[in-house]
Amino acid sequence: MMRNRAPLCVLALLICCPGRAMGQVPQAPEPGIGVTVGPVDIGLRGYFRAPLRLAWRGRDGVQPGESSYNVRSPWLVDDDYFRSGFAYTRIQESDWAEIYFTIKNKYLSAEVALMGSLFSDWARPLLDRQWGISQGYLTFHWNAEGRRLRFRMHVRAGAFWDRLGWLENYDTYLFARTHQMGGQVRLEFAFSKLKIFLLQGVGAHLEALEINQGLTLLNYLHTGVAYQDMLQFGFYFLDAAARDRRQLQEQSDADMRVLGLDGELRTAYTGRLYLGASLVTAQQANYLSPAIEVLHAFGGRGLTENFLGTEKSEAGTGALWNLAVETHHSLRAILDRSAPHRGRWLRGGDVSLRLFGLVTYVQSRQIDLDPLINRDARLYFKWGTEAAWQALPWLAASLRYDRVILDVQDEQSAFRIITPRITLTANWLLGAQIYLQYSRYFYGERVRLRPGQVALETRPDEDVFKLQAQLTF
């Protein structure tokens with residue numbers, strides 16, 4: 001990597017990650033390319049992943065000279081980030097890229113983000129997958145260092161998102177990922193080893209009248225306390241409201257509110273332990289534009305389609321109670337702390353174990369004796385574990401197990417996944433990986449593809465191979 005004055009590292013801490021949201025990955029120095037031109041620093045950073053996914057299935061009625069298998073893109077219930085809903089597992093990610101251009105000086109920074117999916121060189125271009133210029137914002141930041149008190153403030157305005165309660169193993173948000181045009185203020189006070197922070201933001205998501213979604217106002221608060229890098233607690237409050245009735249439109253007043261608490265403990269012996277809980281309440285959420293994304297539900301309409309029900313839920317009225325846990329344990333971290341001389345046999349590698357789970361209980365106005373229609377008092381549960389061996393600095397192997405239960409009262413709607421993976425890593429460039437993985441699915445008898453997902457097909461694939469390249473630069 002090439003740097004002058006390490007501008008991207010400072011930028012990442014002050015601008016891109018306004019105080020690490022609880023549940024996010026550790027704050028390592030961010031990658032990037034930066035140069036200094038006169039009084040300003042110019043930077044570029046980004047991320048992409050590019051997976052090739054293949055499934056195979058035996059053919060019926062094979063003719064002489066024909067292959068006995070079909071090889072094609074996989075048909076799955078867990079690989080669509082929004083439509084899969086609670087069933088999403090992150091094992092079968094689709095392609096994605098984002099690039100951030102930054103210019104800054106000591107007190108002010110500006111950033112523009114380009115994002116998109118479905119790389120058009122290998123696929124038919126679809127405009128709704130190309131986000132284009134998706135974000136642009138300014139941030140004023142100011143620090144003051146005293147003998148006993150350190151103070152930091154940033155003020156931001158423009159089009160940006162906040163990521164609150166990110167669950168790494170499922171790539172979703174326990175509290176919210178916001179989509180807004182607006183502003184925010186973040187204050188941070190540090191006393192010796194103790195840090196207190198407060199983030200207050202307001203904004204709005206533009207209306208979409210053609211689908212009966214009004215202008216949605218957003219107000220949110222995130223506050224917390226941290227002791228060194230070992231212990232953190234956070235509180236979250238978000239409120240999205242639409243008061244945008246129009247003539248000859250079906251819009252109505254609508255609300256969505258999120259309340260949450262979480263905590264995180266990090267030590268060499270216990271590893272990382274994260275625990276979070278949230279309550280999402282909705283009133284006629286269908287009429288909200290997507291200012292809040294939570295648990296793979298894009299706005300109020302996504303919440304209705306994935307959890308509350310589209311038939312009798314009074315346009316998306318109900319509540320979700322959520323509980324999440326993630327742990328990450330590293331043998332190398334334990335040995336480095338307790339007996340450094342015994343860690344030599346790892347030869348720069350590591351053995352690690354992850355455990356993770358998510359529970360959601362739904363209360364909905366869609367109540368019916370038919371379990372296929374009823375969404376009220378429905379309990380969702382998924383959990384998993386992943387064991388990994390970093391054999392060499394550039395080579396790792398892992399085995400992941402996932403269990404997804406879409407209704408604890410219906411065992412036949414659940415499924416399991418076993419996924420071995422081999423990863424090649426460029427340790428000189430943060431986040432550069434190429435990996436091969438195979439996933440084997442075991443479905444309950446009533447697991448089916450979503451209606452209309454694949455014409456004339458209902459059964460998802462059981463065997464999926466993936467070759468993926470990804471890079472954070």
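In which loop is Ala 285 found? Ala 285 is found in the loop between strand 15 (271-283) and strand 16.

## Basis of the report

The model is a predicted one, in which local features need pLDDT of at least 70, side-chain atom pairs count only at pLDDT 80 or more, and totals for chains, interfaces and linings use all residues. Residues are numbered from 1 along each chain as its sequence is written, and side-chain values use heavy atoms, with hydrogens and water left out.

Helices (H or I, at least four residues) and strands (E, at least two) are DSSP runs, numbered from the N terminus.

When its neighbours within four places in sequence are left aside, Ala 285 is in contact with Gly 300, Arg 301, Thr 304, Ala 315 and Gly 316 (contact means heavy atoms within 4.5 Å). Ala 285 and Leu 127 are 158 residues apart in sequence, and their C-alpha atoms are 26 Å apart in space.

Helix 2 comprises residues 299-308; eight of its 10 residues are buried, so the helix is largely enclosed by the rest of the structure. The buried residues of helix 2 are Gly 299, Gly 300, Gly 302, Leu 303, Thr 304, Asn 306, Phe 307 and Leu 308. Just after helix 2, Gly 309 adopts a positive phi of about 100 degrees.

## Nonpolar cores

The largest nonpolar core contains 39 residues, and those with the most contacts inside it are Ile 292, Leu 303, Phe 307, Leu 320 and Leu 358. Such a core is a set of buried Ala, Val, Leu, Ile, Met, Phe, Trp, Tyr and Cys residues joined through side-chain atoms within 4.5 Å. Strand 13 gives the most to this core, contributing four residues. Apart from this core lies another, of 13 residues, among them Val 77, Ala 87, Leu 449 and Val 454.

Leu 303, with neighbours within four places in sequence left aside, is in contact with Met 256, Val 280, Ala 282, Val 294, Ala 297, Leu 308 and Leu 320.

An open sheet of four strands runs in the order 8-9-16-17, and its pairing is antiparallel (two strands pair if DSSP finds at least two bridges between them). Strand 8 (163-167) and strand 17 (297-298) stand at the edges; each has a single partner strand, so one side of each is left without a neighbour in the sheet.

Strand 16 (residues 292-294) pairs with strand 17 in the antiparallel sense over two bridges. The bridge partner of Val 294 in strand 17 is Ala 297.

## Aromatic rings

A search of the whole structure finds 16 aromatic pairs. Rings of Phe, Tyr and Trp (its six-membered ring) pair if their centres lie within 6.5 Å; planes under 30 degrees apart count as stacked, over 60 as edge-to-face and the rest as tilted. Tyr 441 and Tyr 443 form a stacked pair, at 5.6 Å centre to centre and with 15 degrees between the planes. Tyr 441 is buried, at 1% relative accessibility. Ring pairs also join Tyr 81, Phe 82, Tyr 88 and Phe 298 into a cluster.

Arg 45 lies over the face of Tyr 100, 4.1 Å from the ring centre, and Arg 163 lies over the face of Trp 166, 5.5 Å from the ring centre. A charge sits over a ring if NZ of Lys or CZ of Arg is within 6 Å of the ring centre and within 35 degrees of the ring normal.

## Asp 463

Asp 463 is placed in strand 24 (residues 463-472) and is buried, with a relative accessible area of 15%. The side chain of Asp 463 makes polar contacts with the side chain of Tyr 438 (2.4 Å) and with that of Arg 440 (3.0 Å). A polar contact is a pair of N or O atoms within 3.5 Å; within protein, one must be able to donate a hydrogen and the other to accept it, and residues adjacent in sequence count only if both atoms are side-chain atoms.

With neighbours within four places in sequence left aside, Asp 463 is in contact with Leu 54, Ala 55, Trp 56, Tyr 438, Ser 439 and Arg 440.

## Positive phi in two loops

Most residues other than glycine have a negative phi. Asn 212, which is not a glycine, has a positive phi of about 60 degrees. Asn 212 lies in the loop between strand 11 (194-205) and strand 12 (216-227) and is buried, with a relative accessible area of 17%.

Gln 228 likewise has a positive phi, near 50 degrees. Gln 228 lies in the loop between strand 12 and strand 13 (231-242), and at 41% relative accessibility Gln 228 counts as partly exposed.

Technical notes
Buried means under 20% relative accessible area, exposed over 50%, partly exposed in between (1.4 Å probe, protein chains only).
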